[in-house]
Amino acid sequence: MQYVNGMRGSAMAVVVASVALAVAGCQPGGSGADTADGGVTPSGAASSAASSKADAPKPGSSTSGSSTPSASRPTPTAPASSAPASGGSAATCAASSLKATARQAAVRPAGTGTGAAVVEFTNVSGRTCVLKGHPTVAGAGNGSPEMNVPLTVKPTGVATSVTVVPGGKAWVKLTFVQVQGEGDGYCVSGSAPVLYPTMVVQLPSSGAHQVALDDGQFAECDDTVTVTAVSALRPS
């Protein structure tokens, strides 16, 4: 009987020990059980989570050397440059970059008036620039731009960009309705001929330029002029 009681005591001791171990396994820091059975977080994962909390930067501390990615910040952009990009087009010529002169054209309508004039634009700046388009034209009464008379312009030819290097030149040709006859002459249309000491020639985006002929004045009829586009070739 004592032997049986001893066995019962041993069995009870084993049960008690097993319960104690099970309770210890359920406590924080225990070795843990299979999650498939009890849903307990594996001890390795718990250790990793604890380690991550320990490694997390504290407020005010430096994040240098931490494996945690830093917050994304916008990358500063460089200020835009006013110069043309490499391989880009040169800027349009400013009015101050150009010197304009005029002379009678060698090829012009028959008559006693001006007939046609060639206006030359020289790039007097230190930078390459571009001219393009057909000019507008006005006769300057008494040689004053403030008293000018806009002429009816008839453009001819296709406008293309003309690159003008420092010291380089570009041209337009103006062809007028010619004055006929001798003396003061007459206009075929019946209107009175008009004499202008100077003309104001304005290029698109490149300013207005007052020019005088090197050998006389502008005599024309009907306040109408045919103009070519800016050209890199000197017209005759």
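Here are some notes on this predicted model, point by point.

1. Let's start in the middle. The largest nonpolar core has 27 residues. Val119, Phe121, Leu131, Leu174 and Phe218 are the ones with the most contacts inside this core. If you're wondering about the general idea, nonpolar side chains tend to be buried together in soluble globular proteins.

2. The largest share comes from strand 8, which gives 4 residues.

3. Have a closer look at Leu131. Skipping the neighbours within four places in sequence, Leu131 is in contact with Cys93, Leu98, Phe121, Thr160, Ser161, Val162, Val164, Ala170, Leu203, Ser206 and Val230. Phe121 turns up here as a contact of Leu131, and both residues are on the list of those with the most contacts inside the core. Keep Cys93 in mind for the next point.

4. How many disulfides does the structure hold? There are 2. One of them is formed by Cys93 and Cys129, with sulfur atoms 2.0 Å apart. This pair links distant parts of the chain: Cys93 lies in the loop between helix 3 (43–55) and strand 1, Cys129 lies in strand 3, and they are 36 residues apart. The torsion about their S-S bond is about 90°, so this disulfide is right-handed. Are the two cysteines buried or exposed? Cys93 is buried because its relative accessible area is 1%, under the 20% cut-off. Cys129 is buried too, at 5%.

5. Now for Cys187 and Cys221, which are also joined by a disulfide, S to S 1.9 Å. Here again distant parts of the chain are linked: Cys187 is in the loop between strand 8 and strand 9 (194–196), Cys221 is in strand 12, and 34 residues separate them. The torsion about this S-S bond is about -90°, so the disulfide is left-handed. Cys187 is buried, with a relative accessible area of 4%, and Cys221 is buried as well, with 0%. Number the bonded cysteines in sequence order and you get the pairing 1-2, 3-4.

6. Val179 deserves a visit. Its place is in the loop between strand 8 and strand 9. Why is Val179 called buried? Its relative accessible area is 3%, and the cut-off for buried is under 20%, so Val179 qualifies. Leaving out residues up to four places away in sequence, Val179 touches Gly111, Thr112, Gly113, Asp184, Gly185, Tyr186, Pro193, Ala219, Glu220 and Cys221. Val179 and Gly115 are 64 residues apart in sequence, yet their C-alpha atoms are 7.6 Å apart in space.

7. To find one of the bridge partners, go to Gly139: its partner in strand 10 is Met199.

Conventions. Residues are numbered from 1 along each chain as its sequence is written. This is a predicted model: local features need pLDDT of at least 70, side-chain atom pairs count only at pLDDT 80 or more; totals for chains, interfaces and linings use all residues. Side-chain values use heavy atoms; hydrogens and water are left out. A nonpolar core is a set of buried Ala, Val, Leu, Ile, Met, Phe, Trp, Tyr and Cys residues joined through side-chain atoms within 4.5 Å. Buried means under 20% relative accessible area, exposed over 50%, partly exposed in between (1.4 Å probe, protein chains only). Helices (H or I, at least four residues) and strands (E, at least two) are DSSP runs, numbered from the N terminus. Contact means heavy atoms within 4.5 Å. A disulfide is a pair of cysteine sulfur atoms within 2.5 Å. Two strands pair if DSSP finds at least two bridges between them.
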